[in-house]
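Below is a short briefing on one protein model.

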Amino acid sequence: MLRLVTAFAVAMKLHLRSVPLDTQLASLMSEKQYLHLQDSDHAPLQIAYWIGDYLQYQHDRNCLNVYNSLINYSPSFYRPFTNFAINSLTSF
């Protein structure tokens, strides 16, 4: 997962510079993923989909608690806003 987040940043840099995919990006993912990425029109978007799929899979397995993650990993100055958002979502 962490490699895909790094791959997203590298892919975005290459995409914005209109540079073709390179070996640095290939080293961050499987060969199958890299080959799929070469056929993609927008590599960063494809990687974002993979990250989303992974997070959805972890959520479906109850290995990811979105509400606790928001509170525990948000900077302290965001916590009042995060708590407000969570309370708004759970008050329905």
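**Overall make-up**

In the protein, 32% of the contacts with a separation of 6 or more are between residues 24 or more positions apart. The model is predicted. The protein has six helices and zero strands, and its pattern along the sequence reads α-α-α-α-α-α.

- The protein has 92 residues, of which 22% count as buried.
- Its accessible surface is about 7000 Å², and carbon and sulfur atoms account for 59% of that surface.

**Helices α3 and α4**

- Two packed helices are described by the distance between their axes and the angle between them.
- Helix α3 spans residues 31-38 and helix α4 spans residues 43-60; their axes come within 9 Å and cross at roughly 135°.
- An angle under 35 degrees would count as roughly parallel, one over 145 as roughly antiparallel and one of 65 to 115 as roughly perpendicular, so α3 and α4 are oblique to each other.
- The crossing of α3 and α4 is right-handed.
- On the α3 side the contact is made by Gln33, His36 and Leu37, and on the α4 side by Ala43, Gln46, Ile47 and Trp50.
- Four residues of this contact are nonpolar, three are polar and none is charged.

**Leucine 14**

- Leucine 14 lies in helix α1, which covers residues 2-16.
- Leucine 14 counts as buried because its relative accessibility is 5%, and the cut-off for buried is under 20%.
- Beyond its neighbours within four places in sequence, leucine 14 is in contact with Val19, Pro20, Leu21, Asp22 and Leu25.

Notes:
Residues numbered from 1 in each chain as written. Predicted model: local features only at pLDDT ≥ 70, side-chain atom pairs only at ≥ 80, totals over all residues. Heavy atoms only, no water. Axes fitted to C-alpha atoms, helices over the stretch in contact; angles between N-to-C directions. Helix = DSSP H or I, 4+ residues; strand = E, 2+ residues; numbered from the N terminus. Left-handed = near helix turned anticlockwise from the far one by under 90°. Contact = heavy atoms within 4.5 Å. Nonpolar A, V, L, I, M, F, W, Y, C, P; charged D, E, K, R; others polar. Buried < 20%, exposed > 50% of the residue type's maximum accessible area, 1.4 Å probe, protein only. Areas by Shrake-Rupley, 256 points an atom, 1.4 Å probe, with all protein chains shown as cover.
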